[in-house]
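Subject: Structure for you to look through

Hello,

Here is the structure I promised you. Please open it next to this email and follow along.

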Amino acid sequence: MRHPVSLEERVHDGSGRIAVGGLSKSFGPINAVTDLSFTVEPGSVTGFLGPNGSGKTTTLRMLLGLITPSSGAAVINGVPFAQLSNPATVVGAVLESQGFHPGRTARNHLRSYGAAMNVPDERADQVLELVGLSGAATRRTGGFSLGMHQRLALATALLGDPQVLILDEPSNGLDPEGIAWLRGFLRSFAATGRTVLISSHLLREMEHTVDRVVIISRGRCVYDGDLEQLRSAQRSRVLVEASDPGKLVESLRQAGMDAHYLQDGRLAVPDTDSRTVADLALQAGIALYGMQDERIDLEQLFFQLTSGQYTGGQYAQGGADPRWAAPGAGRQDQQGGNSGFGGGF
Ligand SMILES: Nc1ncnc2c1ncn2[C@@H]1O[C@H](COP(=O)(O)OP(=O)(O)OP(=O)(O)O)[C@@H](O)[C@H]1O
């Protein structure tokens, strides 16, 4: 489903909605982002996911007016970032690790940024508390850990009490406790009806934080929808070696199940478990020499969608079973554009 940025969406709507329509950006011969369309709704945490180099930062930079799109548009509250009348109160952003003056304390850093936005000095202490850095208010940032830098960057983004939060790989440098804290923070931020867009190359790290995901691969959207829907696409199958595979296929089909041959002569039976297959084989008088349950999880699905190969099972490695190995799964979908789930099952 495509979401071109229509004229109506360009009206300054105040909703905190992000809309990206037909967005493309080339750097010379490199197509970093191609015809990308998606929306990010208020009240939810949306994960913007893709492998390194897939175009996430380029997209966020276009959204924040830092680079100009080659074509298409990205709007927040219905207008391009540059046209927001008071951008700091609408959007807070953290892009990659930003530098801080090492000799300045956390509080003074925030006060100087706040002054530029006409934010009162007290706001510095409020945001320090929000990100759990109150105890480090008077410490110089030069002695901060990477995780503390991340928290201070987030505090800076929160100075204007923005409606929309855009974070590029915010969990880099955070320890597990920091990641859990960030998760809680972002979920409660979104629960107040505000918008969160958060990029990552790791679905696993994001899966308990986000409600919706936009997955990109080589600059194109390969999935845009609910995480739950993506989860429901997780598949399982049984690999079985039978004395009479042809007869087993027949029995399975009579029971309403599908089966196909692997190159080594085994059968792959999707969406079932080994017990069901064993019972059927027994009824049909077919001896079984081996069985293996396989399950493709969310991470493997993500890998597959982003043009990786499913490597969870040895038989997928060599492309022996095209429905699972599906090296072009992401690519096929890329050609079709943003079409919801397009995995290669
Ligand atoms: N200023 C630039 N000049 C030339 N090429 C660029 C520039 N910025 C990005 N690219 C290229 O565009 C592609 C997308 O890069 P981008 O940084 O947007 O990806 P990403 O998904 O954010 O990756 P990462 O997680 O590694 O930052 C890459 O091939 C990158 O080398």
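Start with the ligand. The residues around it are Phe27, Ile30, Ala32, Gly50, Asn52, Gly53, Ser54, Gly55, Lys56, Thr57, Thr58 and His201. Two elements, β2 (30-40) and α1 (56-63), each give two or more residues to this shell. The largest share is that of α1, with three residues. Sorted by class, the shell holds three nonpolar residues, eight polar ones and one charged one. Keep in mind that this is a predicted model.

**Overall layout**

The protein has 345 residues, and 42% of them count as buried. It contains 14 helices and 13 strands.

**The cores**

Which residues have the most contacts inside the largest nonpolar core? They are Ala155, Ile166 and Ile215, in a core of 66 residues. Helix α5 (residues 146-158) supplies the largest share of this core, seven residues. There is also a second, separate core of 13 residues, and Ala242, Ala259, Val277 and Ala281 are among them.

Now pick out Ile166. Leave aside residues up to four places away in sequence. Ile166 then touches Leu60, Leu63, Leu64, Val91, Ala93 and Leu197.

Two of those, Val91 and Ala93, point one way from strand β5 (residues 91-94). Gly92 and Val94 point the other way. All four residues named here are buried. Strand β5 runs parallel to strand β6 (residues 164-168), and four bridges join the two.

Next, go to strand β1 (residues 18-27). It pairs with β2 in the antiparallel sense, over seven bridges. Leu23 stands opposite Leu36 in β2. The two strands, β1 and β2, form a hairpin with two residues between them. In the turn, Gly28 has a positive phi of about 55°.

Which residues other than glycine have a positive phi near 50°? Asp161 is one of them, and Arg218 is another. Asp161 lies in the loop between α5 and β6. Arg218 lies in the loop between β8 (212-217) and β9 (220-226).

A residue needs 20 or more to count as buried.

**An open sheet**

Four strands form an open sheet. Their order is β11-β12-β10-β13, and the pairing is antiparallel. β11 pairs with strand β12 (residues 267-270) over two bridges, in the antiparallel sense. There, the bridge partner of Tyr261 is Leu267 in β12.

**Two helices to check**

Helix α11 (residues 298-305) has eight residues, and six of them are buried, so this helix is largely enclosed by the rest of the structure. The buried ones are Gln300, Leu301, Phe302, Phe303, Gln304 and Leu305.

The other helix is α4 (residues 122-130), which holds Ala124. Ala124 counts as buried, with 25 C-beta neighbours inside 10 Å. Leave aside its neighbours within four places in sequence. Ala124 is then in contact with Arg107, Leu110, Arg111 and Gly114. Compare Leu84: Ala124 and Leu84 are 40 residues apart in sequence, and 23 Å apart in space from C-alpha to C-alpha.

That is the tour. Write back with any questions.

Best wishes

Methods. Residues are numbered from 1 along each chain as its sequence is written. This is a predicted model: local features need pLDDT of at least 70, side-chain atom pairs count only at pLDDT 80 or more; totals for chains, interfaces and linings use all residues. A residue is buried if 20 or more other C-beta atoms lie within 10 Å of its own, exposed if 12 or fewer, and partly exposed in between; C-beta atoms are placed from the backbone. A residue is near a molecule or strand if its C-beta atom, placed from the backbone, lies within 6 Å of it. Ala, Val, Leu, Ile, Met, Phe, Trp, Tyr, Cys and Pro count as nonpolar, Asp, Glu, Lys and Arg as charged, and the others, Gly among them, as polar. A nonpolar core is a set of buried Ala, Val, Leu, Ile, Met, Phe, Trp, Tyr and Cys residues joined through C-beta atoms within 7 Å. Two residues are in contact if their C-beta atoms, placed from the backbone, lie within 7 Å. Two strands pair if DSSP finds at least two bridges between them.
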